Amino acid sequence: MSEALKFFRSAFGYFSRQNDEKKDKQDENERRVFNLAQRNPDIEIRHLNLSIKGTQILKNINLTIPDKKITCIIGPSGCGKTTLLKSINRLLDNTEGVKIEGSVMVDGENIYDSKTEITHIRKKLGLLSQRPTPLPMSIYDNIAFGVRLQGIRKKKELNAIVEKQLKAAGLWEEVQHRLNAPAAALSIGQQQRLCLARGLAVEPQFILGDEATSALDPVSSKHIEKLFMRLREQYGIILVTHTLRQALRIADHVVFMYLGEVIEEGPAEQLFNHPEHELTKQYLSGEFS
């Protein structure tokens, strides 16, 4: 299995069901979730602590990440931004020596509860990584891969999904006549939009982006930013960014981190124009980065 395919299976949590017992367990879990009396569309993080081999990376994180808005996580290198993002869809579970305490509530369900079915959670949280990771197959099959694993097999239905999501990612006009071409033949900017379309195809609630434009040229970066601004009407978007200018351009909500702690968070206009904490003021003024 290629590294890209391994990454996709890990990031989105798609695993073939091996027996009826596993399927029954998932069905029971989904019924439990949908019967919850109240469901909060926001992500609620409470008292989240994370350490790896005894080194504490995240320290008592308490956050509400709003749905249908762009939340940018900013802060200097090594402050825990990417670790926080990965903790939101349990991508650190298999990290050696990891210890996680606290709760992350997604759609009213604590993803760290022992009864939570991880594949069920990851379907709600699409991931766009720093560098695009197209699967070693055609453009068409990259989009259809996840939905096929969900049981959708009819060609007409798959065709509609592929077209819809390529249009959503702003890629349809560029690839509609070469859908059977290998995804690896696309430019890096096109590959990133393809990966976005692939994530959208499984209908997540939130899109997570780990420096999703840092490997792209300025034109491709601008294209992705415009897509995010349009997609926030349908999805919550959480972005880790090292580029303060990007956060200024597109963020609705901002989280500033420093040495594993959330120093300040709130609406972008408020945080950028009227920061309350001295560290936030120093970071925004360029005293450290």
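User: Which residues of α3 are buried?

Analyst: Quick ground rules: this is a predicted model, so local features need pLDDT of at least 70 and side-chain atom pairs count only at pLDDT 80 or more, while totals for chains, interfaces and linings use all residues. Residues are numbered from 1 along each chain as its sequence is written, and side-chain values use heavy atoms, with hydrogens and water left out. Helices (H or I, at least four residues) and strands (E, at least two) are DSSP runs numbered from the N terminus, and "buried" is under 20% relative accessible area, "exposed" over 50%, "partly exposed" in between (1.4 Å probe, protein chains only). Six of the eight residues of α3 (residues 81–88) are buried, so the rest of the structure largely encloses that helix, and the buried ones are Lys-81, Thr-83, Leu-84, Leu-85, Ser-87 and Ile-88.

User: What is the phi of the residue that follows α3?

Analyst: Arg-90 comes after α3, in the loop between α3 and β4 (98–106). Arg-90 counts as buried because its relative accessibility is 15%. Most residues other than glycine have a negative phi. Arg-90 isn't glycine, yet its phi is positive, near 60°.

User: Where does Asp-107 lie, and what is its phi?

Analyst: Asp-107 sits in the loop between β4 and β5 (109–110). With 8% relative accessibility, Asp-107 is another buried residue. Its phi is a positive value in a non-glycine residue, near 55°.

User: At what angle do α5 and α6 pack?

Analyst: Two packed helices are described by the angle between their axes and the distance between the axes. Here axes are lines fitted to C-alpha atoms, for helices over the stretch in contact, with angles from 0 to 180 degrees between N-to-C directions. The axes of α5 (residues 139–149) and α6 (residues 155–168) are 9 Å apart, and the packing angle is about 115°.

User: Which residues of α6 does α5 meet?

Analyst: Contact means heavy atoms within 4.5 Å. Sorting the residues by class (Ala, Val, Leu, Ile, Met, Phe, Trp, Tyr, Cys and Pro nonpolar; Asp, Glu, Lys and Arg charged; the others, Gly among them, polar), the contact of α5 with α6 has nine nonpolar, two polar and two charged. From α5 come Ile-139, Tyr-140, Ile-143, Ala-144, Val-147 and Arg-148, and in α6 they meet Lys-155, Leu-158, Asn-159, Ile-161, Val-162, Gln-165 and Leu-166.

User: What about α5 and α8: which handedness does their crossing have?

Analyst: α5 and α8 (residues 188–200) pack at about 30° with their axes 7 Å apart, which means the two run roughly parallel. Ile-139, Asn-142 and Ile-143 of α5 meet Leu-194, Ala-197 and Arg-198 of α8. A crossing is left-handed if the near helix is turned anticlockwise from the far one by less than a right angle, and right-handed if clockwise. The crossing of α5 and α8 is right-handed.

User: How many of the residues of α5 are buried?

Analyst: The buried set in α5 is Ile-139, Tyr-140, Asn-142, Ile-143, Ala-144, Phe-145, Gly-146 and Val-147. That leaves α5 mostly covered, with a buried count of eight of its 11 residues.

User: Which residues does Ser-138 touch?

Analyst: Ser-138 is in the loop between β6 (125–128) and α5. Its relative accessible area is 10%, so Ser-138 is buried. Leaving aside neighbours within four places in sequence, Ser-138 is in contact with Leu-179, Asn-180, Ala-181, Pro-182 and Ala-183.

User: Is Leu-171 buried or exposed, and what does it touch?

Analyst: Leu-171 is in the loop between α6 and α7 (172–175). At a relative accessible area of 0%, Leu-171 is buried. Not counting residues up to four places away in sequence, Leu-171 touches Leu-166, Gln-190, Arg-193 and Leu-194.

User: Which residues form the aromatic cluster?

Analyst: Rings of Phe, Tyr and Trp (its six-membered ring) pair if their centres lie within 6.5 Å, and planes under 30 degrees apart are stacked, over 60 edge-to-face, the rest tilted. The structure holds three such pairs. One is Tyr-283 with Phe-288, tilted at 5.6 Å centre to centre and 50° between the planes, and both residues are buried. The cluster is made up of Phe-256, Tyr-258, Tyr-283 and Phe-288.

Definitions and conventions:
Angles under 35 degrees count as roughly parallel, over 145 as roughly antiparallel, 65 to 115 as roughly perpendicular and the rest as oblique.
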